[in-house]
Amino acid sequence: MRHIGAFPPNGVAASLCRGAPALLSTPRRRHSAVATTLRIHAMFFLLPLFVIAIQGLCCADVTRLATEDHRALQDASRFHEVHSAGDLPALIVALCVGDKRKLANPGENWNATDAITDPTLPGKRLIWAAVGGEYYVDHYERGGIAHTFHVLVAKLTKSNARPKVVWSAVGGPFKGLRGVS
């Protein structure tokens, strides 16, 4: 047996290279070409499943904007910034915080880590928001074991009782509406 590689053999590998039996070594089994082929096919079958599973862990609820939404969001002049969660409709705040119904305002106390010091404080805090007609852009942070920044774009029309998530992502922090572009 000849050693091929950049590092000299040592220990069990050295004794195998010299032909001496290694302590506590198990005999190597030879696999047939069919078994090797099956292992290779299994690997190529499982690899796409693994890639699909990893993509499922990524946060991208909406990957493409509708043309109408794209046009409306491109016009930054129609938006004005909001610096308080109280200035947002409760349904939009609920999209950010879920069933907790509490979003801290910028500069307010909140639970920024997973060490909860005050259970009455919210676990998410608004950084800024922008309102443009029926569109709402919310940038907020979430505390916990991993401090993350989120952007949510939602549309709330007077005819609908529920807001529609147009786009959401994890990333930031962004300075403000003008700092996004």
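Biologist: Which residues have the most contacts inside the largest nonpolar core, and what makes this set a core?

Modeller: The largest nonpolar core has 16 residues, and Leu88, Leu103 and Tyr136 are those with the most contacts inside it. The name applies because a nonpolar core is a set of buried Ala, Val, Leu, Ile, Met, Phe, Trp, Tyr and Cys residues joined through side-chain atoms within 4.5 Å, and buried means under 20% relative accessible area, with exposed over 50% and partly exposed in between (1.4 Å probe, protein chains only). Helix H4 (90-97) and the strands E2 (124-132), E3 (135-142) and E4 (148-155) each supply at least two residues of this core, with H4 giving the most, four residues. These elements are DSSP runs numbered from the N terminus, helices being H or I with at least four residues and strands being E with at least two. A second, separate core of nine residues includes Phe79, Trp128, Val137 and Val151.

Biologist: What rules lie behind such values?

Modeller: This is a predicted model, in which local features need pLDDT of at least 70 and side-chain atom pairs count only at pLDDT 80 or more, while totals for chains, interfaces and linings use all residues. Residues are numbered from 1 along each chain as its sequence is written, and side-chain values use heavy atoms, with hydrogens and water left out.

Biologist: With what is Leu88 in contact, leaving aside its neighbours within four places in sequence?

Modeller: Contact means heavy atoms within 4.5 Å, and with those neighbours left aside Leu88 is in contact with Val93, Ala129, Val131, Tyr136 and Asp138. On the helix side, the buried residues of H4 are Ile92, Val93, Ala94, Cys96 and Val97, and they pack against E2, E3 and E4. Just after H4, Gly98 takes a positive phi of about 75 degrees.

Biologist: Why does Lys124 count as buried?

Modeller: Lys124, which is found in strand E2, has a relative accessibility of 17%, and therefore counts as buried. The side chain of Lys124 reaches the backbone oxygen of Cys96 at 2.8 Å. Among the residues in contact with Lys124, neighbours within four places being left aside, are Val97, Leu103, Trp110 and Tyr140.

Biologist: How do you know that Glu68 and Lys155 meet in a salt bridge?

Modeller: A salt bridge is a side-chain nitrogen of Lys or Arg within 4 Å of a carboxyl oxygen of Asp or Glu, and the side chains of Glu68 and Lys155 meet at 2.8 Å, N to O. Glu68 lies in helix H3 (residues 67-74) and Lys155 in strand E4, so the pair ties together parts that are 87 residues apart in sequence. Glu68 is partly exposed at 48% relative accessibility, whereas Lys155, at 13%, is buried.

Biologist: What makes Glu68, Asp69, Glu134 and Lys155 one network?

Modeller: The salt bridges share partners, and in this way the four residues are joined. Asp69 forms a salt bridge with Lys155, the closest N and O atoms being 3.9 Å apart, and both of these residues are buried. Lys155 also forms a salt bridge with Glu134, with the closest N and O atoms 3.7 Å apart. Because Lys155 lies in strand E4 and Glu134 in the loop between E2 and E3, this pair ties together parts that are 21 residues apart in sequence. Glu134 counts as partly exposed, at 30% relative accessibility. The structure holds four salt bridges.

Biologist: Why is Trp167 called partly exposed?

Modeller: Trp167 has a relative accessible area of 32%, and for this reason it is called partly exposed. In the loop between E5 and helix H5 (177-180) lies Pro173, and the peptide bond from Gly172 to Pro173 is cis, with omega near 5 degrees.

Biologist: What is said to lie over the face of Phe79?

Modeller: Arg78 lies there, at 6.0 Å from the ring centre. A charge sits over a ring if NZ of Lys or CZ of Arg is within 6 Å of the ring centre and within 35 degrees of the ring normal.

Terms used:
Polar contact = N/O pair within 3.5 Å; in protein donor to acceptor, adjacent residues only side chain to side chain.
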